[in-house]
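I opened the model to look up strand pairing and backbone angles. My entries follow.

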Amino acid sequence: MLRRLRSTGLLAGAASLLLALGTTGPADAAPQHQRFGTGGNLVAIVYEHMNFQGASLSLYSESCVFGEQHQNLPGQWNDQISSIRILGGCDLRGYEHTDHGGNVARWNRSSSYLAHWNDRISSVGFRI
Ligand SMILES: [Ca+2]
């Protein structure tokens, strides 16, 4: 009987641990803010969710043209961008695939929701 109670307690403990993990997982963690690219010119900030919410990635560049090594978004940002803040006077070009492949769209001002382009951008470039 005592042994049975103990294992029931263990199961209950495991269940509450799972519940705790479920409510404090990555989805509910504080949004992450990352930096991408070299140079001191902050040209845009892209966001995981619409209305500039969720995790964000600040895109830096020497000028309005991203270098070759910086064109593909970090892996966890592939097909994630839902809103964009344009800063610093560059247009942002978003490409459907890596290495500037597929369809391309251009933003010259901030957008709180990318509509047709929601969760589709895989690589980026900048132009004046
Ligand atoms: Ca998204």
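I started with Asn-51, which lies in the loop between β2 and β3. I took strands as DSSP runs of E, at least two residues long, numbered from the N terminus. The model is predicted, so I noted its limits: local features need pLDDT of at least 70, side-chain atom pairs count only at pLDDT 80 or more, and totals for chains, interfaces and linings use all residues. Numbering runs from 1 along each chain as its sequence is written.

I checked the backbone of Asn-51. Its phi is positive, about 60 degrees, although Asn-51 is not a glycine. Is Asn-51 buried or exposed? It counts as exposed, because it has 10 C-beta neighbours inside 10 Å. The cut-offs: buried means 20 or more other C-beta atoms within 10 Å of the residue's own, exposed means 12 or fewer, and partly exposed is in between, with C-beta atoms placed from the backbone.

Next I looked at the strands around that turn. β2 (residues 41–49) and β3 (residues 53–61) run antiparallel and are joined by seven bridges. Strands pair if DSSP finds at least two bridges between them. I found three residues between β2 and β3 in this hairpin. Tyr-47 stands opposite Ser-56 in β3.

Which strand holds the bridge partner of Ile-45? It is β4, where Arg-85 is the partner. β2 pairs with β4 (residues 83–86) in the antiparallel sense, over four bridges.

Last, I looked up Asp-99. I found it in the loop between β5 (91–95) and β6 (104–107). Asp-99 is not a glycine, yet has a positive phi of about 55 degrees. Asp-99 is exposed, because 11 other C-beta atoms lie within 10 Å.
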